Amino acid sequence: MNANWLICIDDTDNEESIGTGKLARWLGDNLAERHLIEAEFSVTRHQLLVHPDIPYTSHNSSACIKAASGYETEALLDAARDFLKQHWHEGANPGLCVVRADHVCAALVELAEAAQQVVLKLDEFDDAIRDMQLAIWATGETGQGRIGACAGAALRSTEDDGRFIGLRGIRDLTGRKSVRDICALSGVEEVRLEGGGLLGGDVEIETRDWVRPALIGGRAVFLVREEAGQLVPANKRSKDD
């Protein structure tokens, strides 16, 4: 039986490049085309601490692929690493983490949540994860991207952090759509008012061609807000989405 895997990357870009989020989607496509993962995978963006002591390009976020696969750690790590070696950008410090979703331990989740709040020292982080079942690759001047890659995988494992930047159908949703159509045409499972309740199927949303549902309680939840008499996406666009 295929297991669920988390393949997370961080710090692969520079100011002129396509961004880590898009590269993660490309990586997922590449792995799926080679039948290393199942075709219907998803990608989530996870926000880490923005701080002057942490090198980052624009938002300090990592991107995590979740996919079913019959392959084991080494095959997935090798394939993802080979892809990143060809596509990471000069000046970056890319990191890659591959781990089975059910092998993420509570201690790694605690470290990941800390990475959203404080600056983690690389040597202390390496000591902390030494005995965890993680497959990691990092390069660049510092290799610091491995912190974000491991943190992103751990945050994704909670099923309660981040937002989807790769999910069936979300990039094809444009213009004004009903909640019913949004859910029927994509992997979105619920549409909710930000800070409010679930919206019914006939309610119409001005998608602004940008549907990026949050990962909340294991579900893809599209959050919207009211603006000038209409419902629009609650989140603002960003480069890495």
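Modeller: Leu-122, Phe-125, Asp-126 and Ile-129 of helix 4 meet Arg-146, Ile-147 and Cys-150 of helix 5; contact means heavy atoms within 4.5 Å. Helices (H or I, at least four residues) and strands (E, at least two) are DSSP runs, numbered from the N terminus. This is a predicted model, in which local features need pLDDT of at least 70 and side-chain atom pairs count only at pLDDT 80 or more, while totals for chains, interfaces and linings use all residues. Residues are numbered from 1 along each chain as its sequence is written, and side-chain values use heavy atoms, with hydrogens and water left out.

By class, the residues where helix 4 touches helix 5 are 5 nonpolar, no polar and 2 charged. Here Ala, Val, Leu, Ile, Met, Phe, Trp, Tyr, Cys and Pro count as nonpolar, Asp, Glu, Lys and Arg as charged, and the others, Gly among them, as polar.

Two packed helices are described by the angle between their axes and the distance between the axes. For helix 4 and helix 5 the angle is about 40 degrees and the axes are 10 Å apart, which makes helix 4 oblique to helix 5. The axes are lines fitted to C-alpha atoms, for helices over the stretch in contact, and angles run from 0 to 180 degrees between N-to-C directions. Angles under 35 degrees count as roughly parallel, over 145 as roughly antiparallel, 65 to 115 as roughly perpendicular and the rest as oblique. Helix 4 and helix 5 cross in a left-handed sense, meaning that the near helix is turned anticlockwise from the far one by less than a right angle, with clockwise being right-handed.

Within helix 4, Leu-122, Phe-125 and Ile-129 are the buried residues. Buried is under 20% relative accessible area, exposed is over 50%, and partly exposed lies in between (1.4 Å probe, protein chains only). Seen down the axis of helix 4, these buried residues fall within an arc of 60 degrees, so they line one face of the helix; the arc is that of the directions from the helix axis to the C-beta atoms. The buried residues of helix 4 pack against helix 3, strand 5 (135-138) and helix 5.

Helix 5 also has helix 3 against it. The axes of helix 3 (residues 106-115) and helix 5 (residues 145-157) come within 8 Å and cross at roughly 110 degrees, so helix 3 is roughly perpendicular to helix 5. This crossing of helix 3 and helix 5 is left-handed. On the helix 3 side, the contact involves Leu-108, Val-109, Ala-112, Glu-113 and Ala-115, and on the helix 5 side Cys-150, Ala-151, Ala-154, Leu-155 and Ser-157. These residues comprise 8 nonpolar, 1 polar and 1 charged.

Which residues of helix 3 are buried? They are Leu-108, Val-109, Leu-111, Ala-112 and Ala-115. They cover an arc of only 160 degrees around the axis, which puts them on the same side of helix 3. Ala-106 and Glu-110 are exposed on the other side of helix 3. The buried residues of helix 3 pack against helix 4 (122-129) and helix 5.
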